[in-house]
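Welcome! Please have a look at the model first.

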Amino acid sequence: MDNLSVEHLLGIRDLTEKDIQIIFQTADSFKQVINRPIKKVPSLRDITIANLFFENSTRTRLSFEIAQKRLSADIVNFSAASSSTKKGETLVDTVNNILSMKVDMLVMRHPNPGAAQFLSTKVNAKIINAGDGTHEHPTQALLDAFSIREKLGDVAGKKVVIVGDILHSRVALSNIYCLQKLGAEVMVCGPTTLIPKHIHQLGVKVEHNLIKALNWCDVANMLRIQLERQDIKFFPSLREYSMLFGLNKEILDNLDKEIVVMHPGPINRGVEITSDVADSKQSIILNQVENGVAIRMAVTYLLAAKIKHQ
Ligand code: CP
């Protein structure tokens, strides 16, 4: 098995196309494992992992935890709300205390962009970024691209539109890097106020008309409006946003072709996507969640291999 070119998974920007293909091939094997009656392998029984979540999460936290258990790693879970960071301890002190307990690897979600990268320069452990503010969410992008590959056979040559709150979205940035490295064409679509001004410099198309964007694409990735990151109003109301950028069944059924619908979750039903679209046969939302476990097993396994070989 080939090695990854990186020591940590901090962002998709750092990965080569070969790294992504290695992760996908490893995830293919682990997807078989998790669909067997005995869903576990003993690969990481000598590895201890701490999951540090300084921000809310359902899918990513549970998916990492299940992935680690399927690999037989020892795990500990840290939640900022009930920790001594509330008493003024710094991030580096907190983490170094956890590492003193012979922890080998950290999975961290943090509200500050760059937090995982910062930590990687300060502590001696493998680090996986589980989402850092508005910056990157690399395992989400990997599981998204893996799900497109599974559904459409390949990512190369496919047209993917990412719709919604691009400005505040780590999922959008990681998806743009990942899809482009794999040879897909990427478009972003949303209100002008939620599209970063210079985003075309990343080589993406920009469209403000949802119907035009959907008629262009093979895959639509519908993002949630991140109200928790918006300290000013970027559009008049959720109702107006939904009328202009929400995907409903009537729109879907009247497109020129059958497209694949994705969403990273959590969904706000009736805002960016209606229930009949989210639950339709064109939606692969729950496949994305299922694939998240295989992808996180693959990333964890490949980085742990580097600990053993040091
Ligand atoms: N997609 C995603 O990151 O979901 P959570 O915030 O629930 O982890």
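Which pocket does the space taken by the ligand correspond to? That space is the largest pocket, a pocket being an open set of points on a 1 Å grid over the protein atoms alone, with protein on both sides within 12 Å along at least five of seven lines. The model is predicted, with local features needing pLDDT of at least 70 and side-chain atom pairs pLDDT 80 or more, while totals for chains, interfaces and linings use all residues. Residues are numbered from 1 along each chain as its sequence is written, and side-chain values use heavy atoms, leaving out hydrogens and water.

**Ligand shell**
- Around the ligand (a heavy atom within 4 Å) are S57, T58, R59, T60, R109, H137, Q140, P264 and G265.
- This shell is made up of one nonpolar, six polar and two charged residues.
- Domain 1 (12-136 + 292-308) and domain 2 (138-288) each supply at least three residues to the shell.

**Polar contacts** (N or O pairs within 3.5 Å)
- One oxygen atom of the ligand lies 2.8 Å from a polar backbone atom of T58.
- In the side chain of T60, an N or O atom is 2.6 Å from a ligand oxygen atom.
- A ligand nitrogen atom sits 3.2 Å from a polar backbone atom of G265.
- The protein buries 91% of the 250 Å² that the ligand exposes when taken alone (Shrake-Rupley, 1.4 Å probe).

**Enclosed space**
- The count is one cavity of 30 Å³ or more, a cavity being a set of grid points where a 1.4 Å probe fits but cannot get out.
- The largest cavity has a volume of about 80 Å³.
- Its lining (an atom within 4 Å of a point) includes R59, T60, Q140 and P264, residues that are also around the ligand.

Conventions:
A polar contact is a pair of N or O atoms within 3.5 Å; within protein, one must be able to donate a hydrogen and the other to accept it, and residues adjacent in sequence count only if both atoms are side-chain atoms. A molecule sits in a cavity or pocket if more than half of its atoms lie within 2 Å of its grid points. Ala, Val, Leu, Ile, Met, Phe, Trp, Tyr, Cys and Pro count as nonpolar, Asp, Glu, Lys and Arg as charged, and the others, Gly among them, as polar. Domain bounds come from an automatic or database domain assignment. Grid points are joined across faces, edges and corners, and a volume is the space filled by probe spheres set on the points.
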